[in-house]
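Here are my notes on the model, as numbered points. Please read them with the structure open.

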Amino acid sequence: MSKSSYNVLFICTGNSARSIMAEAILNQQGAGRFRAWSAGSHPAGQVHPRAIDLLARNRFKTEGLRSKNWSEFAAADAPHMDFVLTVCDKAAGEICPVWPGQPMSAHWGVEDPASVKGGEDVIQRAFNDAFMVLSRRVALLTVLPIEKLDRLALNKELAGIGQVRA
């Protein structure tokens, strides 16, 4: 793969927290080299307020973030994706649309903070943990020497990043 800019789609079932955070983080940290989007198989229809708050407190841009269906990115006029990364176990096991151009894919499973039950501190810690894991993984993606790796090596690197914790 030899390009100056790469398109990345983060997939999660609800597209309300994890994939949204990953989209915002990569768009800021990978500015110029990466362009990120997120989508869900069954989008919640709104971004979780805690995800927006966490991103804003960490100085990430939040304007324009919205919960989207993955069908938007399987359409003929959608941006061509170089990478499709699932961030939840449900999305990883679902049958995904056929992405034009056969993008590289990997599973970067992260616990769903939006499904955590408990007190305020427990829920906030779950969002913080997801944010930290995604931030670390995105940072590793941004420094990959993509243009120097063949498809098999790149696939192995992407899978390895999915195992990294904060």
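1. Arg50 and Glu120 form a salt bridge, with their closest N and O atoms 2.9 Å apart. The pair links distant parts of the chain: Arg50 sits in helix α2, Glu120 in helix α4 (residues 120–142), and 70 residues separate them. Glu120 is exposed, because its relative accessible area of 52% is over 50%. Keep in mind that this is a predicted model.

2. How many salt bridges does a search of the whole structure find? The count is six. The Arg50–Glu120 pair is one of them. Two others are taken up below.

3. The closest N and O atoms are 2.9 Å apart. Both residues lie in helix α2, four residues apart, which is about one turn of the helix. Arg57 has a relative accessible area of 47%, so it counts as partly exposed. Asp53 is partly exposed as well, at 37% relative accessibility.

4. Next, Arg66 and Glu72. Their side chains meet in a salt bridge, at 2.9 Å from N to O. Are these residues buried, partly exposed or exposed? Arg66 is partly exposed, with 41% relative accessibility. Glu72 is partly exposed too, at 35%.

5. Now the sheet. Four strands form an open sheet, and the pairing is parallel. The strand order is β2-β1-β3-β4. Which strands are at the edges? They are β2 (34–39) and β4 (104–107), and each pairs on one side only. From one strand to the next, the twist averages 20 degrees.

6. Look at one strand pair in detail. β1 and β2 run parallel and are joined by six bridges. Leu9 has its bridge partner in β2, namely Trp37.

7. Helix α5 (residues 151–161) lies across β3 and β4. Its direction is at about 25 degrees to β4. β4 is also an edge strand.

8. Two backbone angles deserve a check. Most residues other than glycine have a negative phi. Asn15 is not a glycine, yet its phi is positive, about 50 degrees. Asn15 is placed in the loop between β1 (6–11) and α1 (18–29). Is Asn15 buried or exposed? Buried: its relative accessibility is 1%, and the cut-off is under 20%.

9. Arg59 is the other case. Its phi is positive, about 65 degrees, although Arg59 is not a glycine. Arg59 is also in a loop, the one between α2 (49–57) and β3 (83–86). Its relative accessible area is 71%, so Arg59 is exposed.

10. Last, the cysteines. How many disulfides are there? The count is zero, since a disulfide needs a pair of cysteine sulfur atoms within 2.5 Å. Cys12 is buried, with a relative accessible area of 3%. Cys88 is buried as well, at 3% relative accessibility.

Definitions and conventions. Residues numbered from 1 in each chain as written. Predicted model: local features only at pLDDT ≥ 70, side-chain atom pairs only at ≥ 80, totals over all residues. Heavy atoms only, no water. Helix = DSSP H or I, 4+ residues; strand = E, 2+ residues; numbered from the N terminus. Buried < 20%, exposed > 50% of the residue type's maximum accessible area, 1.4 Å probe, protein only. Salt bridge = Lys/Arg side-chain N within 4 Å of Asp/Glu carboxyl O. Pairing = 2+ DSSP bridges. Axes fitted to C-alpha atoms, helices over the stretch in contact; angles between N-to-C directions. Contact = heavy atoms within 4.5 Å.
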